[in-house]
Amino acid sequence: METPLQALTRLKNGSRPVIGCMPLYPPLELLHSLGMTPFVLWGLAEVVPHVNDADRHIQSYACSVARRLTQFVISEWEELLDGLLFYNAGDTLRNLPEILREGVVTNGGMLHPHFSFHLPMTSPEQADASDYLKKEFERLINNLEDFYGVKFSEERFADSVGLYDRMRELCRQLENAVSRGRLPFADFCRVLTNANFMEVNKQIALLEAVLSRLPEKPLSGDDSARVLVSGILPPPTEICDIMDQAGLIVAGNDIAFMHRSYARTPDTWDDVLDFYVRFYREHFPCTTLLYSSDSRLEAVVRRVLENSARGFVFVGEKFCEYEYFELPSLEKNLKDQGVPVLSLEISMDDNIGAETFRTRLEAFRELIEK
Amino acid sequence: MEINEKTQAGRNLTELLTNAYMGMHSRAANDAFVVWGAIIVPAEIFQGFDNVVFCLPESHAALCAAKGVGADQCLRAESLGYSMDLCSYARIDIGCMADNGATSPTMGLPKPHLLVSDTNNCSLLTKWFDVHHRELNIPHFILDVPFCYGPQQEKDREYILTQFKDLIKMVEDLSGETFNPDKFHEAAIYTAAAVSDWKRFMACAAHRPSGITVFDSFVQMAPFLVARGTKEFADHYKILADETEENVRQGIFPVPNEKYRLMWDNIAPWHQLRKMSNRLAEMGANIVAAPYTSCIGSVEGSFDLVQYDESLDPLWYMARVQNHSVCPMGMDLRLKAMKPVIEQLGIDGVVFASNRSCKVFSIMQMDEERRVKEEFGIPAVMIDVDHADVRKFSQENVYVRLEALLESIDAQRARATV
Ligand code: SF4
Ligand code: SF4
C-alpha cells in the first residue's frame, strides 16, 4: 500500500487542485464536485515526524491535531497543497488561518488561497439558522468558482454525494467486520488513515478490496471483551496493536476521525444548500458540534448498548477541551449502565512508550470479563 | 480582589461589588429569574426585565482566584474528573458549584434558571455551561458569534441580531415577564456613559509617569461584569475617571519612578495582582495597558471608543461590539488595535502572557510576539501564566523573563543613544 506521503504526492501531480481541509467535518462532496480533491488535515502522525517548524508558531499546549497540521502546512504547502478550507470547528482551529500564513511566509513560501464558512452552533431550541448556513455556502461556492474558474453543477454534486455515501457505507461495513472479529482494529485504523489521503474513488477501491479479502469467520472464537473506543483520532498504531493482542474486540467506535465522520449523511435533500443544512443538523453528535450536545451522551451510550460492548475506552487527545469537558458526564452515564470506562490520554510530548498502556488495557480486559 | 481602599473609586468599587453580589442572592431568594451568562452577552438585555438577575460565572471565578481560593476550587473540579488542562475559570466554577459556594467569597452565585453562553470569546465556554445544563437540567441558549479576520460583516451582525431577539423571547417565555424596551434603552445609555468614562480613565496612562497601572484597570473592570447597564455602574466610572484625572493633575502616580512602560497581552493574572505590581514597581516598571481592558467600548481591530448613537437600535450597537474582546478576532486585527496604543502610550516592551488555560487568547501570540518586534521595533517577551490557577504559575521563571525584557529595553535605549 502507498504511504500517505506517496498518495498525497500522486494527488498533487494529478489534474485536480488539492484542498487541505481543517478538521473535523468539511464539505468534501462539494469540493469534489467542483473538480477538486479534498482531504482532511488530520491523521498526520506518519506524514509529520516532527513539529519543529510548528513549534515556532504554536504553543506546545495545543492539541497534536493542530500542531501536526501546522507543521504539515508550513513544510509541505508548496509541494502538496493548492488551497485550504476552514470552518469554526474549534477555538484552536479558528486561530489557525493567520498562523499558517505566517508559518508559510516566514518559511519562504507564498501566501495560500484559503476559503472558509461559519457553521451555526445555535441549539435546536433556538431560532432556525438554516438560512444563514445556506448563505454561507452560496458565498463559499461563489468564492471557489471564482478562484479556480470552475462552475458548480447540482448533477455533479449529486454524483459526488453518491461517491462519498458509498465510501461511508464501506467504512461502516468495515467497522462491522471489526466488531465481528473478522478484522483487527489496528488494521482497520491503518486502512482508514491511508484512505484519508486518497481521492474518493481510490478510497472506495481500497475499502472494497479490504472487505473482499476478509475471512468469513472471526479470527478468534472469543469475543467476550467487547469495547467501544472513543476519541478524536484513532489510537496510535502501537496501542491498537496492544488492544488486539490483549483480546479486546472493538465492538464499535465513537472516534471523530472514524464513526462520527462516516455514520450518517442525509437520505434526501433538495439541493446543495439543503444538503449541508441536513448534513450538519443530522450529523452524528460530536463534542465539537455544540448544538448536538443534548443528543450526544445518549447517542454514545446507545451505541455501547446496541453493540453489546462491555467496556468503554476513551482515548483522550491531550489538550482537547471539547472532549474533556464532556468526559465526566459520559463516564457517569456509562457507569450508570454498568459499563466500565478506561481513560487513556495521548500526548505527543510525553515520552511514555505504548507499552505503558499494555498493563492498563490487559487489566481492563480482565475487569470487563468478570 | 486587591482593591485600593485609599481611593474613593476603590471604596466605591467595594461597595458596588458587595451590593451587586448581595443583590443577586437576595433577589434570587425572592424568586427572581436567574440567568448565568458569558461576559460579552449583552447584560443590558436583562435590565429590560424587572425580575431577572444576570450573573457571570467568569467574573465570579476571577474573584475567587484573586481572593486566593481558586486553586482549591480547581482541585475540587479535578477530583470530579475534570482535566487540569481545562480553563481554570471553568474548573473554579465547577468546583464552586460542587461545594455549593461554601469556599466562595460571595457564597457562590444563585442557582440559575437559564444559561446563556457566547461563542465569541471561546466555544469552550459553551462546553463548560453544558456541564451545568446537564447537571441542573435547565435550558442553555448558545449565542453564536462568527469570528472576525477582518471587519465584522453585515451578514454576521444580522445573524447576531436575530439571536438577540430570540434570546429576549426565550427569557420572556421562561420568566413569564414581558421585556421592557425603555428600560433596556436606559441600560444601554448607562453603559455608553460608563464606557466613555472608562476610556477617560484608561487615557490617564498617556501621562508620563502613567496615571494608572494595568492592575488598576484589571480590578476596576469588575463593574462591567457584575453591574453593567445600571446607574450605580455609570456613576462608578465617573468617580473613577474624575479621581484618576485629578490625581494626574496633582502629580499622584502609582509608579512615580517609572522607567519602563509595558503592555500586557492576556487576561489578568488574578492571583498575582498585588505581588506583580509591587515587584514591577520596585524595578521601575509599569504595565500601563492591556488589550484585555483597552478593548472595552471598541470594535474589532481598534481600541478607540465606539460612539453610542441613541437614535439607533441598541441591539444593533450590541451586535456591532460582539467581536471587540480580543479573543473573537484574528491576529492582524489584534495587532492593528495594539499599534496606535503602543505608539501613543510610548510602550517600551510587550509582555505576552502565554496562558495555557485560555488557549484562544494565547494561540497566536508566538507570531504576534515576532511581529511586534519586527513591525513595531520594540522588545517583547513570552511568559507562562495561568490566569486563575496559581499552581501553574512559576514566579521565578516569570521574573527572570521580565528582567530580561527590561534589559532588552535598556540595550535598545543604549543603542539609540550611540
Ligand atoms: S477538536 Fe480537539 S483535537 Fe480536534 S483540533 Fe480541536 S482541540 Fe484539537
Ligand atoms: S478559555 Fe479563555 S475565553 Fe474561554 S472561558 Fe476560559 S478564560 Fe474565558
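## Exercises on a two-chain model

In a salt bridge, the side chain of D332(B) meets that of R101(A), with 2.8 Å from N to O. This is a predicted model, in which local features need pLDDT of at least 70 and side-chain atom pairs count only at pLDDT 80 or more, while totals for chains, interfaces and linings use all residues. Residues are numbered from 1 along each chain as its sequence is written, chains are lettered from A and ligands numbered from 1 in the order in which they are written, and side-chain values use heavy atoms, with hydrogens and water left out.

**Exercise 1. Describe the contact between chain A and chain B.**

Step 1: Start with the residues. Chain A brings 44 residues and chain B brings 54 residues to the contact, where contact means heavy atoms within 4.5 Å.

Step 2: Look at the area. About 4,500 Å² is buried between the two chains, and carbon and sulfur atoms give 55% of it. Buried area is the accessible area (1.4 Å probe) that two parts lose on being put together, summed over both. On the chain A side, Y61(A), R94(A) and F325(A) lose the most area to chain B, together 20% of what that side buries.

Step 3: Turn to the charged pairs. Side chains of opposite charge can pair when their charged atoms come close. Seven salt bridges are counted between chain A and chain B; each is a side-chain nitrogen of Lys or Arg within 4 Å of a carboxyl oxygen of Asp or Glu.

Step 4: Find the helices. On the side of chain A that touches chain B, α4 (91-106), α5 (130-148), α12 (293-306) and α13 (321-336) each supply at least two residues. Helices here are DSSP runs (H or I, at least four residues) and strands are runs of E (at least two), numbered from the N terminus. The most comes from α4(A), with 10 residues.

**Exercise 2. Which residues lie nearest the centre of the second largest cavity?**

Step 1: Know the term. On a 1 Å grid over the protein atoms alone, a cavity is a set of points where a 1.4 Å probe fits but cannot get out, and lining residues have an atom within 4 Å of a point. Grid points are joined across faces, edges and corners, and a volume is the space filled by probe spheres set on the points.

Step 2: Size up the cavities. The structure holds 10 cavities of 30 Å³ or more.

Step 3: Name the residues. Among the 24 lining residues of the second largest cavity, L28(A), M167(A), N196(A), F257(A) and S261(A) lie nearest its centre. Helix α6(A) gives the largest share of this lining, four residues.

**Exercise 3. How many residues apart are R168(A) and E29(A)?**

Step 1: Find the pair. R168(A) and E29(A) meet through their side chains in a salt bridge, 2.9 Å from N to O.

Step 2: R168(A) is in helix α6 of chain A and E29(A) is in helix α2 (residues 28-33) of chain A, 139 residues apart.

**Exercise 4. Where are the cis peptide bonds from P23(A) to L24(A) and from R208(B) to P209(B)?**

Step 1: Take chain A. The bond from P23(A) to L24(A) has omega near 15°, and L24(A) sits in the loop between β1 (18-21) and α2.

Step 2: Take chain B. Omega is near -5° for the bond from R208(B) to P209(B), and P209(B) belongs to the loop between α8 and α9 (214-220).

Definitions and conventions: On a 1 Å grid over the protein atoms alone, a cavity is a set of points where a 1.4 Å probe fits but cannot get out, and a pocket is an open set with protein on both sides within 12 Å along at least five of seven lines; lining residues have an atom within 4 Å of a point.
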